[in-house]
Amino acid sequence: MDLLRPAKRRRQSKDDESEGSTLSPVVIFAHGAGAPSSSDWMQRWKNMLKEALRAVDVVTFDYPYMSGKKRAPPKAEKLVEFHSNIVKETATTYPGHPVVLAGKSMGSRVGCMVASMEDINVSAVVCLGYPLKGINGAVRDETLLQLSIPTMFVQGSKDGLCPLEKLEATRKKMKAPNDLHVIDGGDHSFKIGKKHLQTSNSSQDEAENAAVQAIAAFISRSLEG
């Protein structure tokens, strides 16, 4: 996992120190249920997050079930301990840097569970395609309602696992400060159909870049606040 090879820490300039700004964040980025941290999607978003957030590092890792023979993921609750240990190790590696938990789909849900733990100190959570609906179609909002730290959602408007009207209802009940950026026409992995791109006169890269910039603005506001 990337945690074993941390990037060099970003040194603060004298100007930064004089302005009293916080250290650059370190991001812990968890993968979804089906693809590992080495997938093209994860690597692309890792690079975009690192640049947009000016992160000292973006730590990725694979949950234990991804090793060896391919198998279905366990319940999210069973991944919390492993995930939380990654967070603690990263915080030790980068003392003083604000910790941001990011995740794709299942990884974002586990990240939210970790963020609610009493012995975990994180500054914000970024949910990329939060799986609000369970397999049986029921809304799984308990984890989100427990959060108290700033939470950013990025969702595709055509994501069947997170109908926007249900997410909006959940956001209104959340006690944590939260925001939402919608990728118009995007599916669960933000992929936009060709016809939609032609109609909107935009590109996949432009849509994803707008999402990353929205994330960066939210994190900046959260860290300053």
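Start by selecting E81 and T92 in helix α3: both are exposed, meaning over 50% relative accessible area, where under 20% is buried and anything in between is partly exposed (1.4 Å probe, protein chains only). A note before moving on: this is a predicted model, in which local features need pLDDT of at least 70 and side-chain atom pairs count only at pLDDT 80 or more, while totals for chains, interfaces and linings use all residues. Residues are numbered from 1 along each chain as its sequence is written, and side-chain values use heavy atoms, leaving out hydrogens and water.

Now turn to the other side of α3. Select V80, H83, S84, I86, V87 and T90, which are buried. They sit on the same side of α3 because they cover an arc of only 155° around the axis, the arc being that of the directions from the helix axis to the C-beta atoms. Helices (H or I, at least four residues) and strands (E, at least two) are DSSP runs, numbered from the N terminus.

What covers these buried residues? Show β1 (26-30), β2 (57-61), β3 (99-104) and α4 (106-115), which are among the covering elements; contact means heavy atoms within 4.5 Å.

Next, display the strands. Six of them form an open sheet in the order β2-β1-β3-β4-β5-β6, with parallel pairing. At the edges are β2 and β6 (178-183), each pairing on one side only. From one strand to the next, the twist averages 15°. Two strands pair if DSSP finds at least two bridges between them; β1 and β3 do so in the parallel sense over five bridges. Zoom in on I28 to find L101 of β3 opposite.

Across β1, β3 and β4 (124-128) lies α4, running at about 145° to β3. Helix α8 (residues 204-224) lies across β3, β4, β5 (151-156) and β6, at about 170° to β6. Axes here are lines fitted to C-alpha atoms, for helices over the stretch in contact, and angles run from 0 to 180 degrees between N-to-C directions.
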